Amino acid sequence: MSELRTAHVVVVGGGVIGMSVAWRAAAAGHRVQLVDPEPASGASFVAGGMLAPIAEAWPGEEELLELGSTSLERWPGFADELSRASGLPSGLRREGTLVVGVDSADRAELDELAGYLSRQGRTVTRLSGREVRRLEPSLGPAVRGGLEVPGDLAVDNRSALAALRAAATAAGVEFVAATARTVRAGAVELEDSTVECDVAVIAAGAHSGALHPSLRGRIRPVKGEILRLRARATALPPPSRTVRGPVHGRPVYLVPRDDGGLVLGATQYEVGFDTEVTLGGVRDLIADAEQVMPGIAEYQLVEARAGLRPSTDDNLPVLGWLEPGVLAATAHHRGGFLLAPVTADAVLALLRGDEPDALIKATDPNRWGGQQCTS
């Protein structure tokens, strides 16, 4: 693709990826429109906001670990730039992550994670249950051990989304309240009109697969339920760090917010585009969280929601040209917030006609060899 110095760019999708791309593209001098019927209302609005590539690392996902770690390094600068551009707080939290385990199988999983990270040249600190509780007194006696990951960060997703929208607006992004039906070279087809452009960027999360034939059957929704809680006056305060880990084999995380808030998540189901919160999901989240932090029973239940993570078979995002004039920046699974800085940088490089970072190659849509699935 040749360089587009002053391109007209249409971004389809108003989550964290779409708004990050739109803001940074407009700030770079492009004319940008963002198409979404209700920006910041989908999976990004529901997200826990963990920026935790180390704590989430797993054997076989080395490319994802490298991509996430690179983006994590860029987050402090990205957050500072976002605050300056928007005049609002970015929501970044720097306290780190504790990965904890309850039973012997959970602790074996932590040992496996620590060993894997050591082989990858990354260091975490092993902690006894007593040492974990010394760091976070609200954690209970069922926690038998843990790993401290000081480099991982977190972000208040809703603060970040508000700042992104303000920054995008200040940079000149035009928000188009409509639903895109298809995307092709030179145009985005809406329900009752067409928006012409030089480049369209597909960043529509779990709905991206319906917008272009190259993505059909490649991106699937993975449902996740979360609870938003708040400490009451009689309750212990939430932990200062993100606390996550297996509880009898089930993943759970607790992500603190300001003013005594706490996000509890997240279930994971492959049930299509269902976004209803289930009683069973809420039950499991609360039961597992009480194992880690018994005092959570005293918290106020503020909100229960479900969102759809856009996922691929290899858990890597899709980032690159689908055809001349059509870019994909989607399918970030549970890493939308984490990967926002590196994704925005890559899209800007592609718009300039440059090669993005070498680590972006793993996310190229052509990794499937051009043989597209059908839905």
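I begin with α1 and α6, whose crossing is left-handed, that is, the near helix is turned anticlockwise from the far one by less than a right angle. Please note that this is a predicted model, in which local features need pLDDT of at least 70 and side-chain atom pairs count only at pLDDT 80 or more, while totals for chains, interfaces and linings use all residues. Residues are numbered from 1 along each chain as its sequence is written, and side-chain values use heavy atoms, with hydrogens and water left out.

Helices here are DSSP runs of H or I with at least four residues, numbered from the N terminus. The axes of α1 and α6, residues 157-171, cross at roughly 30° and come within 8 Å; these axes are lines fitted to C-alpha atoms over the stretch in contact, with angles from 0 to 180 degrees between N-to-C directions. The pair is therefore roughly parallel, the term for angles under 35 degrees. Among the α1 residues that meet α6 are Met 19 and Trp 23, where contact means heavy atoms within 4.5 Å.

Turning to α3, α1 (residues 16-27) packs against this helix at about 70°, their axes 13 Å apart. That makes the two roughly perpendicular, a class covering 65 to 115 degrees. Ser 20, Trp 23 and Arg 24 in α1 meet Phe 78, Glu 81, Leu 82 and Ala 85 in α3.

Finally, Gly 87, with a positive phi near 75°, follows α3.

Technical notes:
Angles under 35 degrees count as roughly parallel, over 145 as roughly antiparallel, 65 to 115 as roughly perpendicular and the rest as oblique.
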